[in-house]
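Biologist: I'm new to this one. Could you show me the chain and walk me through the terms?

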Amino acid sequence: MFLTLALLRKGIPGKQWIGKHRRPRLITWQMKRNMLAHLEREDQNEYWLSRPFMTKEQEHGHASERRAQDWINIKEAQFKNFPQHKSITDHLSNLRITKTWS
């Protein structure tokens, strides 16, 4: 039986689309077109990444002012939502209602 299967193998054992002995996928013209578009896009990305907009000297510290301003804006937004200060008398004023010893 095993010799017959080895010699006259007709099908793919198990699931046909996964595994070591899987059915090969047919390459369509859409797949070729999509792969070419992907490779062209990758080539364009490599082209633009290989030519920097700024030099290393210009790039060093170019965003420090913007980051400092963003940090100030974040702190101000947090302080805006901070509750107003209350004194201890405001917290303990409900205890003065039943004050009868004075």
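Modeller: Glutamate 40 sits in helix α2, residues 29-50. This is a predicted model, where local features need pLDDT of at least 70, side-chain atom pairs count only at pLDDT 80 or more, and totals for chains, interfaces and linings use all residues. Residues are numbered from 1 along each chain as its sequence is written, and side-chain values use heavy atoms, leaving out hydrogens and water.

Biologist: How many helices and strands are there?

Modeller: Five helices and zero strands.

Biologist: Why is glutamate 40 called exposed?

Modeller: Exposed means over 50% relative accessible area, buried under 20%, and partly exposed in between (1.4 Å probe, protein chains only). Glutamate 40 has 56% relative accessibility, so it counts as exposed.

Biologist: And why is leucine 39 called partly exposed?

Modeller: Leucine 39 is at 45% relative accessibility, so it falls in the in-between class. Leucine 39 is in helix α2 too.

Biologist: How much of the chain is buried?

Modeller: Buried residues make up 1% of the 102 residues.

Definitions and conventions: Helix = DSSP H or I, 4+ residues; strand = E, 2+ residues; numbered from the N terminus.
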